[in-house]
Amino acid sequence: MLRIALPNKGRLSEEVRELFNDAGLEVRVRGERALTASLGGEFEAIFVRAQDIPEFVADGAADAGVTGWDLVCESGRDLEQLMDLEFGRCRLVVAAREDSGIQQLEDIQSGVRVASSFTRLTEEFFTRRGQKITVVPVSGATEIAPHLGIADIIVDLTSTGSTLKMNGLREVGTIVQSSARLIARKNHAPEAAAKLEELRQALGSVLAARDKRYLMANVPRTALSGVREVLPGLNGPTVVEVQGGDFVAVHAVVPARTIYRTINALRALGCQGILVTRIERLMP
């Protein structure tokens, strides 16, 4: 049974557990403080800090794991990215005080102090740019560093930028675009690689279904050509004959974001009995 390292707390942990549950890999723990769990009887989960997961996977303590891409990059370990899970999106950015006069990365002078908990990525980023800096390691509350005189600029994570603005800071550059990723060690044995591919497909089918809806409607035969333009679906709508009538039943997978306009367009074409339902999994 392969071992998967998962975040032990926080919003990322909640979203990861929800994804695995939706994929049919229910997280079954023996108690609230349990450090291991069964994932639907198919895998074993171990719960560790998100920042430790790249090390656990690289060192073989786990066969795969889920954590932020920023943490994978910061670890510097040579790991395989199996898939982007499309949540936990954020950016690792360079930020300076609004009154610093720094408007862009080119304005940063050599020798400045940069506060960050991402010391490796910070050093590498400015080295590639040919800018000599001094990294000031911090473990939290990075935004306060310039105001206390600890550092001139910071490198920190942000999702919307609102916290930076609230603390009088301006973004001047992006180092890494991050989100939750499924990662694994390289060069697995064939059986393990096949099992991880099954896991990737299972999680992917849930993610593919989240922004889709399954729509069914009774369509006048005379309006079928118009409906095909409204409901392109994955490979076009499925048309089912309805015995003894002037209608056919049409089924299609449609984007959730357009469902309001889609229903109105179908009604305008004379469609009836429109039914929309969520999709749990969508396999390509």
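How many nonpolar, polar and charged residues are there, by class, in the lining of the largest pocket? The lining has nine nonpolar, seven polar and five charged residues. Here Ala, Val, Leu, Ile, Met, Phe, Trp, Tyr, Cys and Pro count as nonpolar, Asp, Glu, Lys and Arg as charged, and the others, Gly among them, as polar.

The model is predicted: local features need pLDDT of at least 70 and side-chain atom pairs count only at pLDDT 80 or more, while totals for chains, interfaces and linings use all residues. Residues are numbered from 1 along each chain as its sequence is written, and side-chain values use heavy atoms, with hydrogens and water left out.

## Pockets

A pocket is an open set of points on a 1 Å grid over the protein atoms alone, where a 1.4 Å probe fits and with protein on both sides within 12 Å along at least five of seven lines; lining residues have an atom within 4 Å of a point. Grid points are joined across faces, edges and corners, and a volume is the space filled by probe spheres set on the points. Helices (H or I, at least four residues) and strands (E, at least two) are DSSP runs, numbered from the N terminus.

The largest pocket has a volume of about 580 Å³. It is lined by 21 residues, of which Leu-12, Ala-50, Asp-70, Leu-71 and Leu-157 are the closest to its centre. Helix H1 (10–22) and helix H3 (69–75) each supply at least two residues of this lining, and the largest share, four residues, comes from H1.

The second largest pocket has a volume of about 190 Å³. Eleven residues line this second pocket, and the closest to its centre are Ser-205, Ala-208, Leu-282, Met-283 and Pro-284. Helix H7 (residues 190–210) gives the most to the lining of the second largest pocket, with five residues. By class, that lining divides into six nonpolar, three polar and two charged residues.

## Salt bridges

Side chains of opposite charge can pair when their charged atoms come close. A salt bridge is a side-chain nitrogen of Lys or Arg within 4 Å of a carboxyl oxygen of Asp or Glu. By this rule the count comes to 20 salt bridges.

| Pair | Closest N to O distance |
|---|---|
| Asp-152 and Arg-113 | 3.4 Å |
| Glu-241 and Arg-221 | 2.8 Å |

For accessibility, buried means under 20% relative accessible area, exposed over 50%, and partly exposed in between (1.4 Å probe, protein chains only).

Arg-185 is partly exposed because its relative accessible area is 23%, whereas Asp-63, at 15%, is buried.

Asp-152 forms a salt bridge with Arg-113. Asp-152 lies in the loop between H5 and strand S10 (153–158) and Arg-113 in strand S8 (residues 112–116), so the pair ties together parts that are 39 residues apart in sequence. Asp-152 is partly exposed, with a relative accessible area of 33%, and Arg-113 is partly exposed at 32%.

Glu-241 forms a salt bridge with Arg-221. Glu-241 lies in strand S14 (residues 238–241) and Arg-221 in the loop between strand S13 (212–220) and helix H8 (224–230), so this pair ties together parts that are 20 residues apart in sequence. Glu-241 counts as exposed because its relative accessibility is 56%; Arg-221 has a relative accessible area of 36% and is partly exposed.

Elsewhere, Glu-55, Asp-59 and Arg-77 are linked in a network of salt bridges.

## Loop residues

Ile-144 is found in the loop between strand S9 (133–137) and helix H5 (145–148). At 37% relative accessibility, Ile-144 counts as partly exposed.

Ser-139 is also found in the loop between S9 and H5 and is exposed, with 81% relative accessibility. The C-alpha atoms of Ser-139 and Ser-117 are separated by 5.4 Å, the two residues being 22 residues apart along the chain.

Gln-109 lies in the loop between strand S7 (90–97) and S8. With a relative accessible area of 55%, Gln-109 is exposed. Gln-109 and Gln-131 are 7.4 Å apart in space, C-alpha to C-alpha, and 22 residues apart in sequence.
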